[in-house]
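Trainee: I am new to this structure. Can you show me how to read its features, step by step?

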Amino acid sequence: MKPDLYPVVLKPIILDKPWGAPGKGPYLIDGADPALKVGEVWLTADGEYQSIVANGRLAGTTLEDLRLKWGLDLLGGRFKGQEKEPFPLLLKFIHAAEYLSVQVHPDDEAALRLEGSGPGKTEAWYILETEPGARLVLGLEPGIDCALLSEALEEGRAEKVLHTFEIDRAEAYYVHAGLLHAIGPGITLFEIQQNIDLTYRFYDWDRVDDEGNPRELHLKKAMEVLDESGPKIEPFYGLPYEETGLRITSLAAGQYFALERWEFPREWTGFMDGARFELMTVLKGRGSLQDENSNAVELGRGLTVLLAAGLGDYRIQEADGLVVLRSYCPDLEMDIIEPLKTRGFSAADIVKLAGGKRPNDLSGYF
């Protein structure tokens, strides 16, 4: 471990959204401005918005500053040559009081073709809280293609052709680029995604701003990147296993990110081996995280901690009901497939981590 590395706490960025709840943010984040319609809380911003370091010697600097200062000691050896590119993951809490727009994101190739630069945007959701009857939109109804979707949009019956279904907490959904989607009212979720804010809107529920103007739609581009294949959409509750007292549930994994739910015993020791960074976002409980140089972070609900790739040993101490979401950029074979196969999970189980599309990022390994 280099002496200037330490566990970094990032300040959340609270954003006003037309579909957000006035003065009410996700239950994990306190102190929202009552004048805001809080919809999103960005936890790892490195672009138009910048996350600010909240602790230690570099408090007050941005995530971009941190990335440029620590370089591969932060990102890890797997990111050699990418030190000057934006931080690869954007983590969010999303809190919907109304439906988000019906939208789609391009993949890397389509983003380069349509926008002149990448990346595209693949994301995954972990449902934290739902109100009764809360629903998601994922994909189109069976038999609906671009032509029929265009016809429905023109005739004002878009809602009739969208695949909409009721959900509950603790479900995970992998939203690959090209999959039409919308989050419904009464849902609070955690989102992990490629670090890009690139969205093509099909439909915005006839919503208008304070001056009576509708939000911009992007129908031509949206149709061009839409996946019409109709992947199978079903709730996924993850692949659970135990490791030295730690209860791990793998929730999502693909070429861009992995997401896991960790439930800690009272004491636990981890190690950052220099290959990649990790992020821990606390869902509930308390504890203390301390590195080998005695730099400590008190863990509490809603906190996101960035662990540099070169941090070395760290300890979780005095954990009391501590549950976190662990986010990272995986080597799919080494970090996902082989460990899960060793623990007895089948190929059919493992490929679900990358969603219902076939082939997907994991199915090619079997």
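Mentor: Start with two rings. Phe 87 and Phe 277 are both buried in this predicted model.

Trainee: How is a pair of aromatic rings described?

Mentor: In general, a pair of aromatic rings is described by the distance of the centres and the angle of the planes. Now take the case here. Phe 87 and Phe 277 form a tilted aromatic pair. Their centres are 4.6 Å apart, with 40° between the planes.

Trainee: Where do Phe 87 and Phe 277 lie?

Mentor: Phe 87 lies in the loop between helix H2 (72-75) and E4. Phe 277 lies in the loop between strand E16 (268-272) and strand E17 (278-291). The pair therefore ties together parts that are 190 residues apart in sequence.

Trainee: What kind of pair do Tyr 174 and Phe 257 form?

Mentor: That aromatic pair is tilted too, as Tyr 174 and Phe 257 have 40° between their planes. Centre to centre, the distance is 5.7 Å. Tyr 174 lies in strand E9, and Phe 257 in the loop between strand E14 (246-253) and strand E15 (258-263), so the pair ties together parts 83 residues apart in sequence.

Trainee: Are Tyr 174 and Phe 257 buried or exposed?

Mentor: Both Tyr 174 and Phe 257 are buried.

Trainee: How many aromatic pairs are found in the whole structure?

Mentor: The search finds 13 aromatic pairs. There is also an aromatic cluster, formed by Trp 262, Phe 264, Trp 268 and Tyr 314.

Trainee: Let us turn to strands. What is the order of the strands in the open sheet?

Mentor: Read across the sheet: E2-E3-E4-E11-E6-E9. That makes an open sheet of 6 strands, with antiparallel pairing. Next, find the edges. Strand E2 (13-22) and strand E9 (172-175) are the edge strands, and each pairs on one side only. From one strand to the next, the twist averages 25°.

Trainee: Over how many bridges do strand E4 and strand E11 pair?

Mentor: Strand E4 (residues 89-96) and strand E11 (residues 187-194) pair over 8 bridges, in the antiparallel sense.

Trainee: Last topic, cysteines. What is a disulfide?

Mentor: A disulfide is a covalent bond between the sulfur atoms of two cysteines. Searching the whole structure gives 0 disulfides.

Trainee: Why does Cys 329 count as buried?

Mentor: Buried means under 20% relative accessible area. Cys 329 has 9% relative accessibility, so Cys 329 counts as buried. Cys 146, with a relative accessible area of 17%, is buried as well.

Conventions: Residues numbered from 1 in each chain as written. Predicted model: local features only at pLDDT ≥ 70, side-chain atom pairs only at ≥ 80, totals over all residues. Heavy atoms only, no water. Disulfide = S-S within 2.5 Å. Buried < 20%, exposed > 50% of the residue type's maximum accessible area, 1.4 Å probe, protein only. Pairing = 2+ DSSP bridges. Helix = DSSP H or I, 4+ residues; strand = E, 2+ residues; numbered from the N terminus. Axes fitted to C-alpha atoms, helices over the stretch in contact; angles between N-to-C directions. Phe/Tyr/Trp six-rings, centres within 6.5 Å; stacked < 30°, edge-to-face > 60°.
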